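I opened this notebook to record what I looked up in one structure, entry by entry. The sequence and the model come before the notes.

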Amino acid sequence: MAAVTIHTTQNVRIDYETASLGSRIGAFLIDLVVVTVTYLLLAFFVESVGLLPYSDAVFFVFGPLFSTLLYFFFWEMLSRGQTAGKKLLRLRVIRLDGRDPTPADFLVRAVFLIPDAIFTLGMLAILFILTGRRNQRLGDLIAGTVVINTVGFGGVTLADILTIRNREQHAARYPAVQRMTDEDMLVVKQCILRYRRYRNAAHRQALSELAAKMMQLLELDAQDVKGSTEDFLEVLLLDYIVLTR
């Protein structure tokens, strides 16, 4: 399975499994069903109340086309890179530089659905995904995005945090960690895993920089942190589990 390595804004490397062709087609078909049903219901309502009389060309060509583009643009933008189909199949759009995609990125992806999927019946997108190194369609290449599985490469999920050590009778030390999100804590988890797997200077530095960033976000002073950098991040994970689960 293809994978992509993302360097986050905290200078941490995270490996993700890219979405397979089958899962992307499945997500797209689910989204088409959502768009079609929504468009037909809306068109029926508009026609029944006589608000907007339109020609067959508008109803059968331009209406569905613009509805599809708007659906993908707004849903991905408002749901952090996910549509209904992507949510169900646990896929997400991210940028290759580790930053959150911008509205312009989502707009480019939506517009390039026209050559990728609509005018070519998906053949162009399939060709690019099968032949590309990161399973990207043309819209992804232009926008600098990639579609990934929402679990990390190797199947790392938030539930895996529980394997670090037993959380029973754990008293939370850093309550401010509740400000973080699941994605934030997965970054911490993967940084620890990579350091334990490859104990070299680069991963040790990444661990230290991540710890410094977490201290800044949580407004902690050096005297508030006990133990090593690894211990501090591990305690943060346990605190997050105890306080949010």
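This is a predicted model: local features need pLDDT of at least 70, side-chain atom pairs count only at pLDDT 80 or more; totals for chains, interfaces and linings use all residues.

**Entry 1. Terms and basis.** I began with the salt bridge, which I took as a side-chain nitrogen of Lys or Arg within 4 Å of a carboxyl oxygen of Asp or Glu. I numbered residues from 1 along each chain as its sequence is written, and side-chain values use heavy atoms, with hydrogens and water left out.

**Entry 2. The chain as a whole.** I looked up the secondary structure and found ten helices and four strands. Helices (H or I, at least four residues) and strands (E, at least two) are DSSP runs, numbered from the N terminus. From the N terminus on, I read the order of elements as β-β-α-α-α-β-α-α-α-α-β-α-α-α. Of the 245 residues, 42% count as buried. For these labels, buried means under 20% relative accessible area, exposed over 50%, and partly exposed in between, with a 1.4 Å probe and protein chains only. The chain exposes about 13,400 Å², of which carbon and sulfur atoms supply 62%. I noted that accessible areas come from the Shrake-Rupley method with a 1.4 Å probe, and that for residues only the protein chains shown count as cover. I also checked contacts (heavy atoms within 4.5 Å). Among those with a separation of 6 or more, 67% join residues 24 or more positions apart.

**Entry 3. A network of charges.** Which residues are linked in a network of salt bridges? I found R24, E76, K86, R109 and D140; the structure holds nine salt bridges. Side chains of opposite charge can pair when their charged atoms come close.

I then followed E76. Its side chain meets that of K86 in a salt bridge at 3.0 Å, N to O. K86 lies in helix 3 (residues 84–88) and E76 in helix 2, so this pair ties together parts that are ten residues apart in sequence. The side chain of E76 also meets that of R109 in a salt bridge, at 3.1 Å, N to O. R109 belongs to helix 4 (residues 103–111) and E76 to helix 2, so the pair ties together parts that are 33 residues apart in sequence. I recorded K86 and E76 as buried, and R109 as buried too.

D140 came next, in helix 7 (residues 138–143). It counts as buried because its relative accessibility is 0%. Its side chain makes a polar contact with the side chain of T145 at 2.9 Å. A polar contact is a pair of N or O atoms within 3.5 Å; within protein, one must be able to donate a hydrogen and the other to accept it, and residues adjacent in sequence count only if both atoms are side-chain atoms. Leaving aside neighbours within four places in sequence, I found D140 in contact with R24, R109, T145, V146 and V147.

**Entry 4. A further salt bridge.** I looked up E230 and R196, whose closest N and O atoms are 2.6 Å apart in a salt bridge. The pair links distant parts of the chain, with E230 in helix 10 and R196 in helix 8, 34 residues apart. E230 counts as buried at 16% relative accessibility, whereas R196 is partly exposed at 33%.

**Entry 5. Nonpolar cores.** In soluble globular proteins, nonpolar side chains tend to be buried together. I took a nonpolar core as a set of buried Ala, Val, Leu, Ile, Met, Phe, Trp, Tyr and Cys residues joined through side-chain atoms within 4.5 Å. The largest has 24 residues, and M185, V188, M214, F232, L233 and L236 have the most contacts inside it. Helix 8 (182–197), helix 9 (201–217) and helix 10 (229–244) each supply at least two residues of this core. A second, separate core of nine residues includes L65, Y71, F72 and L113.

**Entry 6. Two loop residues.** I noted a positive phi of about 55° at L121, which is not a glycine. L121 sits in the loop between helix 5 (113–118) and helix 6 (123–131), and it is exposed at 73% relative accessible area. E219, also not a glycine, has a positive phi of about 60°. I placed E219 in the loop between helix 9 and helix 10, where it counts as exposed at 63%.
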